[in-house]
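Thanks for coming. I will go through how the inside of this protein is packed, and then where space is left.

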Amino acid sequence: MNAAPLARRPLGCLKTSLRQARQLKESRVFLSRQMTTATETPKDDFFNTEAPRHHVYQIIDRRTKKTRTAFAVYKPAPKPSVPTLKKLPEILNPPKLVKPPSDPVRALHAEQIKKMDPTGARTRLFAKTRGAARVGDILMVTHRRSGEPFSGVLLEIRRKGIDTAILLRNHLAKVGVEMLFKIYSKNVAGIEIVKRARKRARRARLTYLRKAKHDKFDVSAAVFAWKKTRKVTAIKSSAKKAANKAGKNAAGKKK
């Protein structure tokens with residue numbers, strides 16, 4: 001009879017089993033040594049010993065450059081404050097709230113007008129009073145950026161708080177020109193009334209003057225007459241004469 005062959009194991013499996021047994025034995029010896037050293041600590045110093053510090057959950061703070069725990073630290077909620085005798089007047093008499101204005105935009109415009117027109121001369125010039133400028137008057141506006149002042153008939157007064165503006169119309173080289181000036185602007189150096197209208201206009205806007213039938217307002221003659229009364233032309237002519245004399249004297253010295 002044929003006998004069954006014996007089971008054979010390869011030599012590599014035997015080596016691995018021996019290695020595992022050796023490692024298990026070494027780990028048991030290491031644990032037994034640690035247990036003996038831990039039990040040798042006296043009972044009196046057991047509570048005084050510091051707990052082992054685990055460096056696994058510690059990180060370095062970027063701002064303070066100190067090590068801190070990686071876990072989130074939550075501060076306890078503050079206790080509700082009990083009102084004392086010192087705080088009772090503050091609780092019983094709270095500060096009074098300032099009532100806001102009914103029209104805040106108008107209040108803001110009024111504050112800005114006080115800064116731009118501290119004397120109030122321009123506000124009075126275009127107010128709805130008897131001596132103020134009216135539609136149809138001839139005005140002259142001196143602008144800081146332009147060379148000569150612009151004069152023209154007042155067509156409209158747009159009252160919009162700090163954005164109040166006037167619309168003037170004049171003829172330059174037989175062409176109708178209109179300019180809008182804001183009376184509270186820093187670039188407007190001065191506004192003067194050259195000539196008053198004979199009658200009070202029945203309209204708030206004289207837009208009909210743009211038509212060819214009524215567009216006959218040339219303001220140059222009225223402005224020239226106004227300058228004569230103010231002696232502006234005389235001052236200019238005397239300044240020109242003085243400049244011409246100085247030029248002639250300088251030319252004679254050179255010769």
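Start with F126: beyond its neighbours within four places in sequence, F126 is in contact (heavy atoms within 4.5 Å) with A132, A133, L139, I157, R159, I166, I183 and I191. Before going on, the caveats: this is a predicted model, where local features need pLDDT of at least 70, side-chain atom pairs count only at pLDDT 80 or more, and totals for chains, interfaces and linings use all residues. Residues are numbered from 1 along each chain as its sequence is written, and side-chain values use heavy atoms, with hydrogens and water left out.

Now the cores. A nonpolar core here is a set of buried Ala, Val, Leu, Ile, Met, Phe, Trp, Tyr and Cys residues joined through side-chain atoms within 4.5 Å; buried is under 20% relative accessible area, with a 1.4 Å probe and protein chains only. The largest such core has 17 residues, and F126, L139, V141, I166, L168 and I191 touch the most other members. Two or more residues each come from β3 (138-143), β4 (150-158), β5 (165-171) and β7 (188-195), strands being DSSP runs of E, at least two residues, numbered from the N terminus. β4 gives the largest share, three residues. There is also a second, separate core of 13 residues, with M140, V194, V219 and W226 among them.

Which residues line the largest cavity? They are V153, R169, N170, H171, L209, H214, D215, K216 and F217. β5 gives the most to this lining, with three residues.

How values were computed. Buried means under 20% relative accessible area, exposed over 50%, partly exposed in between (1.4 Å probe, protein chains only). Helices (H or I, at least four residues) and strands (E, at least two) are DSSP runs, numbered from the N terminus. On a 1 Å grid over the protein atoms alone, a cavity is a set of points where a 1.4 Å probe fits but cannot get out, and a pocket is an open set with protein on both sides within 12 Å along at least five of seven lines; lining residues have an atom within 4 Å of a point.
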